[in-house]
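Here's a friendly walk through one protein model, taken a piece at a time. Have a look at the picture first, then read on.

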Amino acid sequence: MSSRNWQEIATERKRKQEDLIPPEWRIPSVPDSLLDVTLIPQTSGLLTARELEITDTTDVNEILSKLADGVWSAVEVTKAFLKRAIIAHQLTNCLTEIFIERALERALKLDEFLEKNGYTIGPLHGLPISLKDQFCMKGLETIMGYVSWVGTVSDHDAAIVEILYEQGAVPFVRTNVPQTLMWGETFNTVFGRTTNPFNRKLTPGGSSGGEGALVALRGSPLGIGTDIGGSVRIPAGFTGIYSLRPCYGRLPYEGAANVLEGQEAITSAIGPMASNISALKTFTKAVLDAKPWNKDPLVLRKPWSDREYALAEHGGEGAQLCFAVMLDNDLVRPQPPVRRAMSMLVSALEDAGHKVIDWENKLHLELHAASEHIMSADGGEGYRTVCSLTGEPLLQTMMPHTEEPDPHHPWDAHPTFLDEPFTITLRNAGKGAISAYDLWQLHKKKAEIRKQYLDHWEATKMRTGTGRPIDAILCPVAPYPAPPHGHN
């Protein structure tokens, strides 16, 4: 255990972060009563007209085109997004690492290369890209919400960071996460709580909540998060941006920090987050064109396919598609705003000539139970081991509160009519680790359910009218819009 008090370590690290903000980039304190802060970047007076033009450009391909043509320099684009990112941070507390000089030096080298050679380094030339505080960068700390990891400086770049450099990008900030990553909100005892820019009393989601808040405030044209149970999807849904959670093994995770390392039955995936949907394709194609399987042995050796992107196996471009809508999974019923949004989506698809049918729910409780038991198979030992290095508490709630929760009933911080939350009951929380044999039985159960679900999907061929099974399932990101802190 560290000889220093964990609170002292956290306070000192937060102060160090704040000291990295240039005085001339600071904005006047915003009153707590101002909930929607989305217009402050434009009205703060810190951004010039050109910087506003750059950062308000949500189409990443337009930014890349102007960078390649020399209309905008990499230095001015990077500086513009650095300034706006730091404004966003002062409004929502979305950043962890701020490395202004490093990012501007990188941008300058890219400008010099373009001027000298007349062509770009790669498809992401000069594009500032933010990263969740999991992606190791040589010479920088990767704290990931743990006081115990303060001062842990990386001696390597994660594979995705290497690829970003190769493809010409400019990593420029890293973003906040919850302690352990395993929360649908964003709070830790080092950097604090990230808020939703549309209403700061609400959560931006998690665990890639820092990215969600930053991108929503146009502080980054493209961010990279990770997702095992909704961690790029939830923030995107709560902050009104786009995200993509690919299948695991599609994009390189090698060299990134993580929790539950060694747990490979249910694995996390890297996913892009942006204000414009075209950025998701641009990023994914650029990474796959770099042959990431040569850096990460777990990445599938599968190049980008224009044929598949054109839906060749789904009737081709312009063909009628058939979607199954899962409005209610028989476990949680969505609230009226979500039901209304789903109804609007269904109407838009039908108006475009596509077919929408109801998804017949199957095995959802069994799927949830198996996944919860697998994820908690060590009884929380991994989390406790890291926290014990400094004595920091393992957070039991994201709820803002002034009193310590009852250690025997930590969920009491949440107003509830239940004896305990259903997920706590489901996973037998507090019962300790399970045996290797029991874990193998869970893996076996998961495989059986997966095959049953595949068969269930394939059987929809009898209902679609296209001669194919359904082309996709549509379902809500969450059963509600962004909730107050502590309630997701």
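Let's start with the rings: this predicted model holds 6 aromatic pairs. In one of them, the ring centres of Phe113 and Tyr119 are 5.4 Å apart and the planes stand at 90 degrees, so this pair counts as edge-to-face. In another, Trp304 and Tyr309 have ring centres 5.4 Å apart but planes at 40 degrees, so the pair is tilted.

| Residue | Relative accessible area | Class |
|---|---|---|
| Phe113 | 25% | partly exposed |
| Tyr119 | 48% | partly exposed |
| Trp304 | 18% | buried |
| Tyr309 | 48% | partly exposed |

The cut-off for buried is under 20%, so Trp304, at 18%, makes it into that class. Ring pairs also tie Trp359, Tyr453 and Trp457 together into a cluster.

The charged end of Arg102 sits over the ring of Phe99, 6.0 Å from its centre. Arg193 does likewise with Phe187, lying over the ring's face at 4.6 Å from the centre.

Now for a helix. H6 runs over residues 100-117, which makes 18 residues. From first C-alpha to last, H6 reaches 26 Å, close to the 26 Å expected at 1.5 Å a residue.

Which residues of H6 are buried? They are Ile100, Ala103, Arg106, Ala107, Leu110, Asp111 and Leu114. Looking down the axis of H6, you'd find these buried residues within an arc of 140 degrees, so they line one face of the helix.

What covers the buried residues of H6? The cover includes helices H4 (60-68), H5 (74-92) and H7 (159-166), along with strands S1 (95-98) and S3 (170-175). Over on the other side of H6, Glu101, Lys109, Glu115 and Lys116 are exposed.

One last stop is Gln263, which is found in the loop between strand S7 (242-243) and strand S8 (269-274). Is Gln263 buried or exposed? Gln263 counts as buried, at 19% relative accessibility. A polar atom of the Gln263 side chain lies 2.8 Å from the backbone oxygen of Ile266. Leaving aside residues up to four places away in sequence, Gln263 touches Ile228, Ile374 and Met375.

Methods:
Residues numbered from 1 in each chain as written. Predicted model: local features only at pLDDT ≥ 70, side-chain atom pairs only at ≥ 80, totals over all residues. Heavy atoms only, no water. Helix = DSSP H or I, 4+ residues; strand = E, 2+ residues; numbered from the N terminus. Expected span 1.5 Å × (residues − 1). Buried < 20%, exposed > 50% of the residue type's maximum accessible area, 1.4 Å probe, protein only. Arc of directions from axis to C-beta. Contact = heavy atoms within 4.5 Å. Polar contact = N/O pair within 3.5 Å; in protein donor to acceptor, adjacent residues only side chain to side chain. Phe/Tyr/Trp six-rings, centres within 6.5 Å; stacked < 30°, edge-to-face > 60°. Lys NZ or Arg CZ within 6 Å of the ring centre and 35° of its normal.
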